[in-house]
Amino acid sequence: MTADAPPLPRSFVGHGGIRITADVWGEASSPPLVLLHGGGQTRHAWDRTGPRLAALGWRVIAPDLRGHGTSGWSADGDYALDLFAGDVRALVAELGGRPVLIGASLGGLSSLLAAGEAPRAAVRALVLVDVAHRPDPRGARRIVEFMRGRPDGFASVADAAAAVAAYLPHRPRPQAPERIRNNLRRHGDRWVWHWDPRMLDSFEGRMDPPGMAERLLDAARHADVPIQLVRGGISDVVREDVAQEFCDRVPHARRVDVADAGHMVAGDRNEHFIDAIVPFLEGIACA
């Protein structure tokens, strides 16, 4: 398979037997690298990143997290962070080869717990994309408010694209707004986001619960692998001082900021995001 070919579909079995669907780019013999999207997104958040990293010699796997996209939904509506971490552990075990994990927001938190808490997933390195041990509550609330904002969905794909543009005014409007269709599903005569709405209750309870910051820092320290924290330069979710505190308290963590990117770094400034992580990945490949 060449890196510029369309991705191949693959299924994994997550924690508790849930079905996890994924796109895969690159050669089967290349070292594995897993891209984990944020809450309320799908694997298509990485549609531009996956082929680029495959071209650099990685076998790239981008799954839909449970409750998102075409992966299975939790039967009981439970979306505790430990379940997502369990899915990451199961995926890593099925892949083998000690993959690099690149996780944005929810994907980053899940990766951090999977790699740093028992049973520790056998990974090579972690890239945390605009996520640390403590979110700015204002930015976290803004995400949930957006996700709750249109419970009845949209009359058209164009209406959904307009809502995203209003939510992300710093991001250039997409040349092909129809691409947002990948994040939507039909529900009657409406378009709704392609995730289980029951997740929102879990998200709101997870903004910054007591003890979570120290738990995440402990997980990062016990992960015992190189960690890169990629912060959006204009993020309203990870403050600069919190990102620096994370790196100060986790000796093997390094930080880089991507200028003019908000919380969704790869979506906002994909080329700059790739430029930020390539030196780190090259160092991992040579280690």
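Start with the whole chain in cartoon view: this predicted model holds ten helices and ten strands. A compact globule of 287 residues would have a radius of gyration near 19 Å, and the chain, with 18 Å, agrees with that.

The accessible area is about 12300 Å², and carbon and sulfur atoms account for 54% of it. If you display contacts with a separation of 6 or more, 75% of them join residues 24 or more positions apart.

Now select residues 212-223, which form helix 7. From its first C-alpha to its last, this twelve-residue helix reaches 16 Å, close to the 16 Å expected at 1.5 Å a residue.

Which residues of helix 7 are buried? Color M212, A213, L216, L217, A219, A220 and A223 to see them. Then look down the axis of helix 7: these buried residues fall within an arc of 160 degrees, so they line one face of the helix.

What do those buried residues pack against?

- helix 2, at 81-95
- helix 3, at 106-116
- strand 6, at 125-129
- strand 9, at 227-232
- helix 8, at 240-249

For the last stop, step past the end of helix 7 to D224, which follows it. Check the backbone there: the phi of D224 is positive, near 55 degrees.

Conventions. Residues are numbered from 1 along each chain as its sequence is written. This is a predicted model: local features need pLDDT of at least 70, side-chain atom pairs count only at pLDDT 80 or more; totals for chains, interfaces and linings use all residues. Side-chain values use heavy atoms; hydrogens and water are left out. Helices (H or I, at least four residues) and strands (E, at least two) are DSSP runs, numbered from the N terminus. The expected span of a helix is 1.5 Å times one less than its number of residues. Buried means under 20% relative accessible area, exposed over 50%, partly exposed in between (1.4 Å probe, protein chains only). The arc is that of the directions from the helix axis to the C-beta atoms. Contact means heavy atoms within 4.5 Å. The radius of gyration is taken over C-alpha atoms; the globule rule is 2.2 Å times the number of residues to the power 0.38. Accessible areas come from the Shrake-Rupley method with a 1.4 Å probe; for residues, only the protein chains shown count as cover.
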